Amino acid sequence: MKALVWHGKQDIRCDQVSDPGIEDPRDAIIKVTSCAICGSDLHLFHNFIPAMKNGDIMGHEMMGEVVEVGSEAKGKLKKGDRIVVPFTIICGQCDQCRRGNFSVCERSNRNKEMADKVYGHSTAGLFGYTHLTGGYPGGQAEYLRVPFADATHIKVPDNLTDEQVLFLGDIFPTGWQAAAHCDIEPTDTVAVWGCGPVGQMAIRSAILLGARQVVAIDCIPERLSMAQAGGAITINFETESVIERLNDLTSGKGPEKCIDAVGLESHVSMGQPDTLLDRAKQAVMMESDRPHVVREMIYVCRPGGIISIPGVYSGLVDKIPLGIAMNKGLSFRMGQTHVNRWTDDLLRRIEEGQIDPSFVITHTARLEDGPEMYKMFRDKQDSCIKVVLKP
Amino acid sequence: MNMLMKSARSPGDPRVISTGPGTLASPDQLARGLGWFSIGLGMLELFGAHRVARTLGLEGSEWMIRACGAREIGSGVACLSVNPAPGVAARIAGDALDIATLAVAAQQDDPRRGNAQLALLAVLGITVLDVICHQGLTARHARQPGPGRDYRDRSGFPKGLAHARNAQV
């Protein structure tokens, strides 16, 4: 089969690889009908997430048709079922899964020993990601083996298109969880840094959860226009001061809730000297992540507010003003998404027509064109915000 | 690292049979090559300044050679980053300085001026490569100028924004 394979820093190729097969009675094999390139795929593309290996298959946003089912998954799945695959692999039985903390499933990471040593305690296995999370082959491929398939799936009805439901596997629940973590009240201002796909979902989630006003911060005009369409007031940080605008919009008090949908590769600009320092440190491996957005959120957030971080961070950051955060009494909530905690509710909202996540798709291409689409998405060319690939 | 090497894939995981088209184009690969070359040359200039000065007839200018070495390493690291264009641009600026320095050395009344002339030729050749590389990177990776597409018709709310604001169920 064809698959997009990681061969090193900025080197992803469309290769011919062997087909996957059932390895465990709880497995299923799906024929991938749609998959997408995620912003966090770019962190892997840039080799900012440690423990990738030459030959790893990329992709953690995918859906398809079940073509083979292991004996122990047959009660929940059958051939022909149409499923979205959550990017977090879950056993559905461990203590964490029973609590709904699916992204820290205790059993699905097959490199648990390594993850225990690096993280202190292992997190869940993830598709198409680092070997710290199991190194499972991803879904930017024609076929995918789904481990623990009896639990790791979201069945979707035939009357919804792939484009409407594909993002239930990652970016929609990720944006939703970011907003849910904010405990939004009707008087709240929610500020969202980053108007990429997760930021767009977070903006719409905050609207649906009843925020008084949502403010979106970015510097890419087309992303800001899409944020505006979703009901956000926009700030272009290259032409105006984020801190002054946010204070103006909140009577000088700052937003109650701040969402970082940027993560470890924040924009570098001459007007923000800390970003230059971060970039230099990252280049010589003195710091793994660029946390400018976290610093700005801590500074501008209203005392007693909440900082929610769906953006991916990989390791070590410098110069986080923890003293300011402590004295302002800020709460931090973050983590990989507990996808299945939210998907029943989100699927219902899609079916009821409250939201149609396909609005974010700007480019659709063949799997073979994947490497070129990675480049286009990374370089933000042709107004690219979200790429869907059709194997 | 040892742990990573031991984190073997499952025997059933798909294996690469043949490799296809990828993301790395010629300018990207050239930038990497120039980056490593820059770091190598920079180390030589930084730690072997006396020898370089003797070879080129630039005795007394060891401090300048070391400074050039530090500059080469800096631009080399930048060339190896995820956005190599500024690193290659820094190399071009450095080439101009090197050419000016070597042009003076190549005209000195010194039996070693032949070495300086050879070095000057080499730097001129590398400069051509740097310029080709920078043009290639810009053509391949630069964002098109202009405001981009207008997505203000993409609310994502089929029943409209006002309905979405009141949909807290």
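Me: How many Å separate the centres of domain 1 and domain 2 of chain A?
Reply: In this predicted model, the two centres are 26 Å apart, taken over C-alpha atoms. Domain 1 of chain A covers 2–170 + 337–390, and domain 2 covers 172–334.

Me: And how many residues does each domain put into the contact?
Reply: Domain 1 of chain A gives 32 residues and domain 2 of chain A gives 23. The area buried between them is about 2,600 Å², with 70% of that from carbon and sulfur atoms.

Me: Which three residues supply more of domain 1's buried area than any other three?
Reply: A:F48, A:F359 and A:I385, which supply 25% of what domain 1 of chain A buries against domain 2.

Me: How many salt bridges are there across that interface?
Reply: Zero by the rule used. Polar contact is found there, though, for ten residue pairs.

Me: Which helix gives the largest share of domain 1's side?
Reply: That's α12 of chain A, with six residues. Both α12 (339–351) and α1 (39–45) of chain A supply at least two residues.

Me: Switching to the six-stranded sheet: what's the strand order?
Reply: β13-β12-β11-β14-β15-β16 in chain A, an open sheet with parallel pairing. β13 (232–236) and β16 (331–334) are the edge strands, and the twist averages 20 degrees from one strand to the next.

Me: What does helix α8 touch there?
Reply: Helix α8 (242–249) of chain A packs on the sheet against β11, β12 and β13, at about 155 degrees to β13. Helix α10 (292–300) of chain A lies across β11, β14, β15 and β16, running at about 175 degrees to β14.

Me: How many bridges join β14 to β15?
Reply: Three, between residues 257–260 and 306–309 of chain A. In that pair of strands, A:C258 stands opposite A:I307.

Conventions. Residues numbered from 1 in each chain as written. Chains lettered and ligands numbered in written order. Predicted model: local features only at pLDDT ≥ 70, side-chain atom pairs only at ≥ 80, totals over all residues. Heavy atoms only, no water. Pairing = 2+ DSSP bridges. Helix = DSSP H or I, 4+ residues; strand = E, 2+ residues; numbered from the N terminus. Axes fitted to C-alpha atoms, helices over the stretch in contact; angles between N-to-C directions. Contact = heavy atoms within 4.5 Å. Domains from an automatic or database assignment. Buried area = accessible area lost by both parts, 1.4 Å probe. Salt bridge = Lys/Arg side-chain N within 4 Å of Asp/Glu carboxyl O. Polar contact = N/O pair within 3.5 Å; in protein donor to acceptor, adjacent residues only side chain to side chain.
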